[in-house]
Amino acid sequence: MPTAAEHHRPRPARTWGPPPPPQARRDGAPHRPWRDRLPELVATVGAILVMAAIAGFVTSTWDDLAIAHQAMALAAVAVGLTVAGVYVDTARQQTSSRVVGLVLLCASVAVGASVTLFGYAAAPDSGRLAILAGGLAAALHAGWVLARDPASPTRVLGLAAALTYAAGPSGSALADRFSTMDPAVLLLPVRGVLDPTVTSDHLVLLGAGWTVVGVVLLLVATRLAARARHTAVVVATVALFAAAAMLNIATDPLGAFAALCVVVGYLLYGIVADRPGISTTGAIGVLVAGIRVAWGLFSGQVAVTVTALTVGVAMLAWAVHAVRDRSDAATRTHH
């Protein structure tokens, strides 16, 4: 029990001073409470709303606004967001890079949607070509945005989204659009991995497009900073394996061989880049994609057999040439 003297002992005076420094996170960056992250949260919600509205512009049919007018409205939005984002990006001092990235990401989406709608207005039946043009325009804008800050994962996602949009919807008709796409078709690649008898040609063009997306992102990743490079590699991995799964279920047996080539290329990239994780993932993909190719080879399908022989001979020839160059380089080094 405290004594009477302890009860009457004066308490130390309260001192007012600066708050204690924020606790550091594991990566060394200061930990900020959620209330200090309010601008990022609001920007994220705002970006989702803007992109949802832009999607509504592209997929909806309106009576009070013609397609050309919708395109011009989105072009104005794209210009405004780009100017605002570049101004803040150039003059910022304490402005969050993530907030600026979200603003410019919305601008890239608006660019792609505007060009797509202009394509619809010029040729109503050229759905796939209009989408391709819009996606390429958005990719150019997103690439320029990424070049301004190669360390931003948000800007990498913007470029990946633009390229994925340019790959287009499923189907093989020129007039195909995202609004006419059957979402159930996207489940066929998963079924095809488990059941070799599942085939469909609705995803061949989309698989080819996603292959290009993955290759471009792997090439871009070599010029990015650490976090952005990791983001690009992860998205490229998803795109390439999804593309392989789409090509794997093509009716033509060459589709399965193309899928195998995609995952073999990814495996070789992992070996050259000395990244064990990519190499392991690529090896697993080779095993999965090789099932249908082996089925085609041993079932007497001429196209698969001849193609496999040609590619195999070409790979052996390149290997012999590479070994010879390596031996010559070692000889010159010793001398």
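Predicted model: local features only at pLDDT ≥ 70, side-chain atom pairs only at ≥ 80, totals over all residues.
View 1. Residues are numbered from 1 along each chain as its sequence is written, and side-chain values use heavy atoms, with hydrogens and water left out. Thr197 sits in the loop between α7 and α8 (helices are DSSP runs of H or I with at least four residues, strands are runs of E with at least two, and both are numbered from the N terminus). Along the sequence, Thr197 and Ile249 are 52 residues apart, and their C-alpha atoms are 8.4 Å apart in space.

**View 2. Thr199, in the loop between α7 and α8.** Is Thr199 buried, partly exposed or exposed? Thr199 counts as partly exposed, because its relative accessibility is 43%. Ten residues separate Thr199 from Pro189 in sequence, and the distance from C-alpha to C-alpha is 8.7 Å.

**View 3. The whole chain, for orientation.** Stepping back, you will find twelve helices and zero strands. Read from the N terminus, the elements run α-α-α-α-α-α-α-α-α-α-α-α. The protein has 335 residues, and 36% of them count as buried.

**View 4. Pro150 and Ala225, 75 residues apart in sequence.** Pro150 belongs to the loop between α5 and α6. Its relative accessibility is 33%, so Pro150 counts as partly exposed. In space, the C-alpha atoms of Pro150 and Ala225 are 6.1 Å apart.

**View 5. Leu217, a buried residue of helix α8.** Helix α8 spans residues 204-221, and Leu217 is part of it. Leu217 counts as buried because its relative accessible area is 1%. Between the C-alpha atoms of Leu217 and Arg229, which are twelve residues apart along the chain, the separation is 9.1 Å.

**View 6. The salt bridge between Arg128 and Asp176.** Side chains of opposite charge can pair when their charged atoms come close. How many salt bridges does a search of the whole structure find? The search finds one (a salt bridge is a side-chain nitrogen of Lys or Arg within 4 Å of a carboxyl oxygen of Asp or Glu). In the pair formed by Arg128 and Asp176, the closest N and O atoms are 3.2 Å apart. This pair links distant parts of the chain: Arg128 lies in helix α5 and Asp176 in the loop between α6 and α7, 48 residues apart. Both Arg128 and Asp176 are buried.

**View 7. A nonpolar surface patch made by four leucines.** Leu129, Leu132, Leu136 and Leu174 make a nonpolar patch of about 350 Å². Patches are made of residues with over 30% relative accessible area and no salt bridge, joining like charges within 9 Å and nonpolar side chains (Val, Leu, Ile, Met, Phe, Trp, Tyr) within 5 Å. Accessible areas come from the Shrake-Rupley method with a 1.4 Å probe, and for residues only the protein chains shown count as cover. Leu174 has its place in the loop between α6 and α7, the latter being residues 188-194. Because its relative accessibility is 47%, Leu174 counts as partly exposed.

**View 8. The largest cavity, of about 40 Å³.** Rolling a probe the size of a water molecule over the atoms shows where empty space is left. On a 1 Å grid over the protein atoms alone, a cavity is a set of points where a 1.4 Å probe fits but cannot get out; a pocket is an open set with protein on both sides within 12 Å along at least five of seven lines, and lining residues have an atom within 4 Å of a point. Grid points are joined across faces, edges and corners, and a volume is the space filled by probe spheres set on the points. The structure holds one cavity of 30 Å³ or more. Among the residues lining the largest cavity are Gly101, Leu104, Ala142 and Arg155. Helix α4 gives the most to this lining, with four residues.

**View 9. The second largest pocket, with about 370 Å³ of space.** Of the 20 residues that line the second largest pocket, Ile54, Ala55, Val58, Val109 and Tyr165 lie nearest its centre. Helices α2, α4, α5 and α6 each supply at least two lining residues, and the largest share, six residues, comes from α4.

Conventions. Buried < 20%, exposed > 50% of the residue type's maximum accessible area, 1.4 Å probe, protein only.
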